[in-house]
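Thanks for passing this one along. Here are my notes, as numbered points to read beside the model.

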Amino acid sequence: MAELGLAGATADRGIYYDPYDVEIDSDPYPVWRRMRDEAPLYRNDRHGFYALSRWDDVDEALVDHRTYISGKGSVLEMIKSGSPIPPGMVLAEDPPLHDLHRALLSRVFTPKRMAALEPRVRELTVRTLDQFVGAGGFDFVADLGALVPMRVIGMLLGIPESDQEALRDRSNARHHITQGEVPKLSDLGASMADFAEYVDWRVDHPSDDLMTTLLTVEFRDETGTTRRLTRTEILLYIALLAGAGNETTRRLIGWTGQLLADHPDQRRAIVAGASTVDQAIEEILRYESPSPVQARVLSRDVDLHGQTVPEGSIMLLLNASANRDERRFPDPDTFDIGREAERHLAFGRGIHFCMGSSLARTEGRVVLEEVLRRWTDWDVDYDNAVLDHTSTTRGWMRLPIRTV
């Protein structure tokens, strides 16, 4: 009865949130604001999920991995499909298996390896941007945001540059959604197959890259056996790393171009030294979080906002909404790179905190530094800009800019 009452209550208020609605996704913040104020526990009957939108609720849920579990999937359509989760998909695992696989990946994302990447990221960015000097503009996403992360993750994995674009585009195509349609579950088998040839070649041609590390690392698995990863496990890890390394950082870079075009005073404050690039990147992540929603399943009944949400329910955690919660951030709908630093939830929290957050921040910072070295003024050609739509990320597909 509580569930039916909640559904009726949200419907009576005229609030409707749907992660597959392209019109809502174009600007979800008014809907999320109403949810925070009027329906902090929201129920969508059409797609069968609940949603939390306030900072305190989302922050607490992200940390409480025993109640809000990931082992049935971390994306709504994945959970609804009931498909089994292959071992090694850390985003969709719970402890103790999650801890084992995350510890293994942490050997790949070592601080030393990530720090050593910055000069190579900068060299790549310089090479990319220099070709547009004097050209009058370029596409901040297609020519920059979609290219730099692709090259960086390709460099890390050991994928030839000549193949990287095709691999990225196939991955992007699998995630795009059409208005109102529940997307097909991403074909994990196809994603893994994309990298099979490279893994097989690396077996006989080891190098100083992540693929070789995954091929040679030894670990103790959940049975206590010391072994190496199977070919299937390696392919899964590589598919996950390649997808994650491209998707969210591309969107961070795109939002950087758009937000600093729309706020020239703040762009010029960075150039003048009144604000730092690091401040700007953190505010961009808060204001337009590239990965705005995380899905979980309840392992027990939970009481929230006067309602009991039953065990087994799907809960969407709207971390991008939480990052705009006025209960946490003063004047949250104002983009302000000078605001006092506050922890945000753009990279999640708890055991599933993004392992690539340091690399994403480095790429975002280096790209912005190098753009500002060449252009201090630009504006967006909105007539030709295109917003991408997926069920898991949010950002620009094309963002042509005019440089001065």
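1. A strand here is a DSSP run of E with at least two residues, and strands are numbered from the N terminus. On that basis, His389 belongs to strand β12. Please keep in mind throughout that this is a predicted model.

2. Let me stay with His389 for a moment. Is His389 buried or exposed? Its relative accessible area is 9%, and buried means under 20%, so His389 counts as buried. The side chain of His389 also has a partner: a polar contact of 2.7 Å links it to the side chain of Asp25.

3. Next, the surroundings of that strand. β12 covers residues 386-389 and runs antiparallel to strand β13, residues 394-398, with four bridges joining the two. One of the pairings to look at is Val386, whose bridge partner in β13 is Arg398. Together β12 and β13 make a hairpin, and four residues lie between the strands.

4. Strand β7 deserves a look of its own. Five of the five residues in β7 (residues 294-298) are buried, so the strand is largely enclosed by the rest of the structure. Which residues of β7 point one way, and which the other? Gln294, Arg296 and Leu298 point one way, while Ala295 and Val297 point the other way.

5. With strand β3 (residues 68-69) it pairs in the antiparallel sense over two bridges, and here Val297 of β7 has Ile69 opposite. With strand β10 (residues 314-317), β7 again runs antiparallel, this time joined by four bridges. In that pairing, Leu316 of β10 stands opposite Ala295.

6. Elsewhere there is an open sheet of three strands, in the order β4-β14-β11, and its pairing is antiparallel. Its edges are β4 (137-139) and β11 (378-380), each of which pairs on one side only. From one strand to the next, the twist averages 25°. For the β4 side, three bridges connect β4 to strand β14 (residues 400-403) in the antiparallel sense, and Arg402 in β14 has Gly137 opposite.

7. On to the helices. How do α9 and α18 pack? Helix α9 (residues 148-157) and helix α18 (residues 357-374) meet at an angle of about 135°, and their axes are 11 Å apart. The two helices are therefore oblique to each other, since an angle over 145 degrees would be needed to count as roughly antiparallel. The crossing of α9 past α18 is right-handed.

8. From α9 come Val148, Pro149, Val152 and Leu156, and they meet Leu359, Glu363 and Val367 of α18.

9. Finally, helix α16 (residues 277-287) is mostly covered, as eight of its 11 residues are buried. The buried set is Val277, Ala280, Ile281, Glu283, Ile284, Leu285, Arg286 and Tyr287. Which elements do these buried residues pack against? They pack against α3 (29-38), α14 (231-262), α15 (264-272) and α18.

Terms used:
Residues numbered from 1 in each chain as written. Predicted model: local features only at pLDDT ≥ 70, side-chain atom pairs only at ≥ 80, totals over all residues. Heavy atoms only, no water. Pairing = 2+ DSSP bridges. Buried < 20%, exposed > 50% of the residue type's maximum accessible area, 1.4 Å probe, protein only. Polar contact = N/O pair within 3.5 Å; in protein donor to acceptor, adjacent residues only side chain to side chain. Axes fitted to C-alpha atoms, helices over the stretch in contact; angles between N-to-C directions. Parallel < 35°, antiparallel > 145°, perpendicular 65-115°, else oblique. Left-handed = near helix turned anticlockwise from the far one by under 90°. Contact = heavy atoms within 4.5 Å.
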